[in-house]
Protein chains: 2
Amino acid sequence: MNELSVIDVTDQRPTIEEWGHRIERLLDGESNAAIFNLRADDDREFDAIFLGGGASGRFGSAYMRAMGGRQLIIDQWPFLGGSCPHNACVPHHLFSDCAAELMLQRTFGGSLWFPPMDGVITSIKEVVDLFRRGRIGPHAIMNYQSKEQLDLEYILNVPGRIIDAHTVEAAGRTFRARNLILCLGARPQILDVPGKDLKGVYTNVNLVETLDYEPSATVVVVGGSKTAVEYGSFFSATGRRTIMAVRSECLKIVPDGEIRGYVRDRMEEQGLEIWERSQVVRIEDDGEGRVAGVIIRTPKGEERVETNFVFVALGEIPNSEMAADVLGVEIGPKNEVIVDSQLRTSVPNVYAVGDLIGGPMEMFKARKSGMYAARNAMGATIHYEPKDFPDFLHTHYEVSWLGLGEEEARAKYSNIVIIKMPPNNPNGLDVALPASDRTMLYAFAKPHMSGYQKLIIDGDTRRVLGAHHVGYGAKDAFQYLNVLVKQGLTIDQLGEMDELFLNPTHFIQLSRLRAGRQDLVDL
Amino acid sequence: MNELSVIDVTDQRPTIEEWGHRIERLLDGESNAAIFNLRADDDREFDAIFLGGGASGRFGSAYMRAMGGRQLIIDQWPFLGGSCPHNACVPHHLFSDCAAELMLQRTFGGSLWFPPMDGVITSIKEVVDLFRRGRIGPHAIMNYQSKEQLDLEYILNVPGRIIDAHTVEAAGRTFRARNLILCLGARPQILDVPGKDLKGVYTNVNLVETLDYEPSATVVVVGGSKTAVEYGSFFSATGRRTIMAVRSECLKIVPDGEIRGYVRDRMEEQGLEIWERSQVVRIEDDGEGRVAGVIIRTPKGEERVETNFVFVALGEIPNSEMAADVLGVEIGPKNEVIVDSQLRTSVPNVYAVGDLIGGPMEMFKARKSGMYAARNAMGATIHYEPKDFPDFLHTHYEVSWLGLGEEEARAKYSNIVIIKMPPNNPNGLDVALPASDRTMLYAFAKPHMSGYQKLIIDGDTRRVLGAHHVGYGAKDAFQYLNVLVKQGLTIDQLGEMDELFLNPTHFIQLSRLRAGRQDLVDL
């Protein structure tokens with residue numbers, strides 16, 4: 001293979017702005033030069049090559065480097081950070097922020113300072129364009145931070161090709177390391193029906209890369225996963241009729257039934273149509289290679305939906321092919337690379353991390369598995385298994401949870417105590433609490449929209465078993481609350497905490513109202 | 001004294017909606033009947049009378065009742081919950097939510113779906129009216145919850161008059177108890193200058209009660225406290241020229257200098273004029289008893305500002321007079337009732353709690369002091385001192401902090417490590433991180449507006465000494481993070497947590513990038 005042209009930044013110190021311009025030019029295809037950031041003054045063997053510089057590879061590299069090891073990242077993109085800031089979590093957060101904002105504006109349209117929004121369809125393309133232009137910013141920070149602050153070595157904008165368990169080829173050169181850490185990520189699962197390749201069929205990946213028209217006033221989302229719900233909510237918030245075709249049930253990931261019901265009701269109130277036990281069987285061609293409609297098999301028979309836009313969110317498939325073909329690493333039933341609790345594959349000195357090893361395909365697991373693989377590769381014997389983690393999804397709201405839902409808690413414990421807001425009361429949801437930042441206008445004008453929250457307690461040990469929140473501003477809290485719950489947090493300890501009133505999670509104060517009782521009861 | 005008419009709800013079970021209607025009629029002055037909710041089937045002596053049913057009295061009562069004690073709340077308002085939902089924290093949160101929303105709409109006015117906002121002044125009165133109508137909702141919940149769920153006894157809509165340490169008169173009847181717990185709150189400090197009584201001079205209390213016109217295009221805020229900053233930011237966000245006249249310095253409460261600078265820069269960027277070392281010396285009369293202008297003594301001399309609206313936020317004075325006059329409880333220099341760590345006043349069997357005992361006049365202290373007084377009154381010997389609590393304020397942003405600022409940390413520790421976002425870099429703030437829910441649009445179009453955050457670590461012990469955040473969605477997290485920090489949280493433990501990416505506090509992942517190092521360094 002010929003050597004490709006190389007941009008050697010080793011002795012440069014590009015600013016974030018300069019990185020931005022460079023990444024933009026490379027993404028625009030002005031050059032296919034590889035970026036080399038390799039230390040000339042370090043002739044030690046690499047402790048590991050991280051094949052892939054997404055969350056798992058970058059965090060694993062940072063940890064290895066912090067420990068004093070030598071690492072090399074090789075990534076096909078001209079930036080570090082992987083899919084998250086390019087076409088996954090970051091755009092998703094932008095779209096979800098727009099969904100929350102548009103729901104507010106539609107709810108209050110024509111009152112206060114909000115313009116009327118009835119019948120207004122807002123642009124999806126403009127938000128996608130905003131993302132596409134702006135994503136260079138986070139990319140540039142990752143390259144800058146990784147070089148100037150984390151002291152990482154990397155080769156970007158060129159695919160790495162595995163030669164053997166110690167050798168990777170990139171840009172016509174071969175690189176050797178004591179260990180190989182595979183960070184190859186995953187790709188969206190394809191909807192395998194006639195018409196799947198028509199223009200107008202999107203996943204989160206090609207949506208932000210290629211959307212060049214305004215979707216029609218009706219759109220179809222395929223799937224009931226987090227991603228489906230998140231994008232569906234955004235499309236709906238733009239004012240489009242949005243049909244979610246879900247093979248089984250929507251929102252299955254939300255563990256508490258009552259919370260799931262509240263979330264679903266609010267989605268439907270915003271106009272989302274959730275068609276469960278329904279499958280897309282065919283996508284129609286308009287005669288020019290574009291989507292003209294979708295045929296959906298529903299429990300009531302086949303329905304045709306006229307649309308030029310189908311969004312597919314059926315989950316992700318690990319990119320394990322090269323590792324399986326070249327190295328023979330063992331692969332599981334979902335195409336994932338099988339690893340043990342030290343992140344070791346079936347091949348000595350080869351580790352795998354991140355989405356490549358299967359679910360949960362979450363950021364914390366990507367980063368932490370990278371970190372643990374690095375520690376093991378550096379000689380530690382240390383185990384990692386993602387469990388008892390908090391979780392969330394976006395609709396127009398933020399929905400956060402940790403621990404058990406009520407149903408599972410009742411199945412496991414005989415004395416379950418529920419503390420929730422709004423309370424069980426004859427007015428149902430039509431009460432102005434809970435409320436806090438970003439739901440205050442709802443609380444004062446549309447109380448049933450101001451959120452729902454619930455704490456599940458074992459009345460015998462007084463320990464918190466689960467926490468659930470719909471609203472805003474609690475997602476971050478669940479990270480820390482989860483640690484306390486795993487420590488054995490009791491209602492009494494919660495009642496001793498210092499709330500920052502109006503706190504999005506009303507758990508502290510509600511616990512305090514009950515904590516004086518020896519025999520706990522619901523609130 | 002004649003007995004007043006009484007609405008006896010003891011044997012009724014009003015719904016939240018019914019409570020709302022009742023409270024509304026009583027607040028409108030249709031009747032001055034007292035509400036009695038007294039158990040007929042319980043002839044035990046009261047363990048305590050809580051004089052005042054705000055946060056401290058209601059939470060103290062709930063705790064005492066939960067312990068099996070008998071309590072009575074007497075409050076002059078027709079609802080429980082006190083000033084917070086009536087004219088303090090709740091309206092403040094509504095206004096701060098509007099400030100955040102208006103900043104977003106102004107920043108993006110004319111792009112995406114946002115209408116142009118240049119030169120548009122939005123109504124303050126409409127938001128106040130919305131609050132005034134809507135506040136009945138939270139009031140009704142408090143009455144409902146206190147009666148139907150917490151089983152509290154209370155007398156509302158009539159002032160309680162202290163007779164002695166065991167006796168209070170209300171509605172012409174006397175009530176005796178083993179203990180008296182004073183929960184009399186505080187009132188805004190008056191600006192003592194000529195013109196202070198003109199129509200158009202407001203505090204948070206009379207603003208929501210009496211505002212009946214639209215403030216002029218220029219307004220003046222007096223003070224540099226939390227409340228001043230919060231209301232000033234809202235007024236500014238409505239499009240009005242807003243001048244904050246601050247005797248000394250603004251934002252002194254924010255412990256970290258860099259964070260304080262970022263917060264202030266954003267306030268000024270939104271158009272707020274902060275006049276420090278400046279004092280209002282006179283408010284001018286328009287000849288009809290209304291404000292026409294304000295004379296402010298500044299370091300550059302006297303300035304006249306034409307306005308019909310002055311908002312005074314100079315702090316709060318405890319309502320200690322009746323207790324001092326009748327009982328002779330000892331009073332401190334700020335008019336506060338002096339208590340020991342058991343919340344006992346200088347008079348046996350008389351406790352004082354909440355804002356009445358002085359700062360910090362925060363919700364958690366009100367509620368927890370009520371709870372601790374209840375436990376002591378029930379025979380426990382238990383101490384309460386508010387310390388090492390997290391704190392926050394609102395500008396157009398949420399600003400949260402806990403522990404030490406950088407300056408104080410460096411004075412106390414020799415090896416301080418700073419982890420922050422945006423990083424120190426040649427582009428300054430003009431980078432797209434940090435970002436998360438509610439700042440995504442900023443990150444993609446106005447990066448310097450997407451927030452600022454900082455973690456302060458002792459490099460020797462690796463423990464977190466302080467955390468600081470400007471943005472949204474972290475306020476709630478600081479409640480729980482503060483508990484972990486007080487446990488001795490280290491950078492290594494942070495790096496083991498499971499983030500809910502994009503998390504508003506980027507502390508977990510930033511810590512993980514450094515935690516592999518034995519010798520910690522800044523990031």
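Predicted model: local features only at pLDDT ≥ 70, side-chain atom pairs only at ≥ 80, totals over all residues.
Reader: What makes A:Arg367 and B:Glu499 a salt bridge?

Author: The closest N and O atoms of B:Glu499 and A:Arg367 are 2.8 Å apart, and the rule asks for a side-chain nitrogen of Lys or Arg within 4 Å of a carboxyl oxygen of Asp or Glu, so the pair qualifies. Across the interface of chain A and chain B the same rule finds 8 salt bridges, while a search of the whole structure, over all chains, gives 84.

Reader: Why is the pair B:Arg13 and B:Glu148 also called a salt bridge, and which parts of the chain does the pair link?

Author: Here the closest N and O atoms are 3.2 Å apart, and because the cut-off is 4 Å, the pair is counted. The pair links distant parts of chain B, with B:Arg13 in the loop between strand S1 (6-8) and helix H1 (16-27) and B:Glu148 in helix H6 (residues 136-149), 135 residues apart.

Reader: How do you know how much of each chain takes part in the contact between chain A and chain B?

Author: Contact is taken as heavy atoms within 4.5 Å, and on that basis 106 residues from chain A and 106 residues from chain B are involved. The area buried between the two chains is about 9300 Å², and carbon and sulfur atoms give 66% of that area. A:Trp113, A:Phe444 and A:Tyr480 supply 10% of the area that chain A buries against chain B, more than any other three residues.

Reader: What makes up the side of chain A that touches chain B, and how many residue pairs are in polar contact?

Author: Between chain A and chain B, 40 residue pairs are in polar contact, with both residues at pLDDT 80 or more. Helix H14 (residues 475-487) of chain A gives the most to the side that touches chain B, namely 11 residues. The residues of that side divide into 61 nonpolar, 22 polar and 23 charged.

Reader: How do you know how the two copies are related?

Author: Chain A can be laid on chain B with an RMSD of 0.0 Å by a turn of 180 degrees, with a shift of 0.0 Å along the axis. The two copies are therefore related as by a two-fold rotation axis. Moreover, 100% of the interface residues of chain A are also interface residues in chain B, so the copies meet through the same surface.

Reader: Why are S10 and S13 of chain A described as standing at the edges of their sheet?

Author: The open sheet has 5 strands in the order S10-S17-S11-S12-S13, with parallel pairing. Strand S10 (201-202) and strand S13 (273-275) each have a single partner strand, so one side of each is left without a neighbour in the sheet. Because pairing requires at least two bridges, S10 and strand S17 (residues 310-312) of chain A, which pair in the parallel sense over 2 bridges, meet the criterion. Within that pair, A:Tyr202 stands opposite A:Phe311.

How values were computed
Residues numbered from 1 in each chain as written. Chains lettered and ligands numbered in written order. Heavy atoms only, no water. Buried area = accessible area lost by both parts, 1.4 Å probe. Polar contact = N/O pair within 3.5 Å; in protein donor to acceptor, adjacent residues only side chain to side chain. Helix = DSSP H or I, 4+ residues; strand = E, 2+ residues; numbered from the N terminus. Nonpolar A, V, L, I, M, F, W, Y, C, P; charged D, E, K, R; others polar. Least-squares fit on C-alpha atoms with pLDDT ≥ 70 in both.
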